[in-house]
Amino acid sequence: AYAFPVPQSRFGVLENIVTVGALIGRVDAARALAAAMDEEFEALRVSAPARRTRVYAELWFGRHPRSTGGRTHVHDLVELAGGENIFGASPQGYLPLDIASVTASRPDVVVFFSEPEYPVDPVRLLAERGWDARPGFRPVVSTVQRGRNLIHDGPSFAETARWLAGELDLCR
């Protein structure tokens, strides 16, 4: 058994990939995968629009909602997708739910992630919070499906960033 740290950035994702490769005797293959992913990250970074979509990411870990600060791989995923994490300046990783702060920050998009065992209804949550009254404001729903999983920190991380970039393009 090996306990991996939860990555605090896209660089941590790459480091964990290299570590897995080293542990299974395939460090060359892992480094090649990490290099290819890093190239994808750079392509996403340079193609990001000048005007970034303001994003609030709400992650439901079971029944426990959290938002993302600046010290998470999810923050980097949002940035790679062309978004601006509304809590990106926070030195924390995962923040407790603070509806008043989110409302005051006026995000353009809310990205919801929930686990299949504890699904949330984004449309209902937007209505309860009064966020559904904003013209053009809609939720983006992340799932555990490969390439749409906001919290997955493995090889599909770049796929998810590309998917989220497409979702954010629809919101501009």
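Predicted model: local features only at pLDDT ≥ 70, side-chain atom pairs only at ≥ 80, totals over all residues.
Q: Before anything else, what does "contact" mean here?
A: Contact means heavy atoms within 4.5 Å.

Q: OK, how many helices and strands does the protein chain have?
A: There are six helices and six strands. Both are DSSP runs numbered from the N terminus (helices are H or I with at least four residues, strands are E with at least two). Starting at the N terminus, the order is α-α-β-β-α-β-β-α-β-α-β-α.

Q: How compact is the protein chain for its length?
A: As compact as a globular protein of that length, because its radius of gyration is 16 Å, close to the 16 Å that the globule rule gives for 172 residues. The radius is taken over C-alpha atoms, and the rule is 2.2 Å times the number of residues to the power 0.38. Along its principal axes, the C-alpha trace spans about 55 × 35 × 30 Å.

Q: What percentage of the residues count as buried?
A: 46% of the 172 residues do. Buried is under 20% relative accessible area, exposed is over 50%, and partly exposed is in between (1.4 Å probe, protein chains only).

Q: Which way do β5 and its partners run, parallel or antiparallel?
A: Parallel: β1 and β5 are joined by six bridges, and β5 and β6 (residues 139–142) run parallel too, with four bridges. Two strands pair if DSSP finds at least two bridges between them. For examples, tyrosine 56 has valine 110 in β5 as its bridge partner, and phenylalanine 113 has serine 142 in β6.

Q: What's proline 122 in contact with, leaving aside its neighbours within four places in sequence?
A: Phe112, Pro139 and Val141. Proline 122 is found in helix α5 (residues 122–129) and is buried, at 11% relative accessible area.

Q: Switching topic: how many salt bridges are there?
A: Eight. The rule asks for a side-chain nitrogen of Lys or Arg within 4 Å of a carboxyl oxygen of Asp or Glu. One of them joins arginine 10 and aspartate 76, at 3.6 Å from N to O. Arginine 10 lies in helix α1 and aspartate 76 in helix α3 (residues 73–80), so this pair ties together parts that are 66 residues apart in sequence.

Q: Are those two buried or exposed?
A: Buried: arginine 10 has a relative accessible area of 18%, and aspartate 76 is at 9%.

Q: What about arginine 51, which residue does its side chain meet in a salt bridge?
A: Aspartate 108, at 3.4 Å from N to O. Arginine 51 lies in the loop between α2 and β1 (53–61) and aspartate 108 in the loop between α4 (99–105) and β5 (109–114), so the pair ties together parts 57 residues apart in sequence. Arginine 51 counts as exposed at 52%, while aspartate 108 is partly exposed at 23%.

Q: And which residue does arginine 124 form a salt bridge with?
A: Glutamate 128, with the closest N and O atoms 2.3 Å apart. Arginine 124 and glutamate 128 are four residues apart in helix α5, so about one helical turn separates them. Arginine 124 is partly exposed at 41%, and glutamate 128 is exposed at 54%.

Q: Last one: where does isoleucine 24 sit?
A: In the loop between α1 (10–23) and α2 (27–47). Isoleucine 24 counts as exposed, at 58% relative accessibility.

Conventions:
Residues numbered from 1 in each chain as written. Heavy atoms only, no water.
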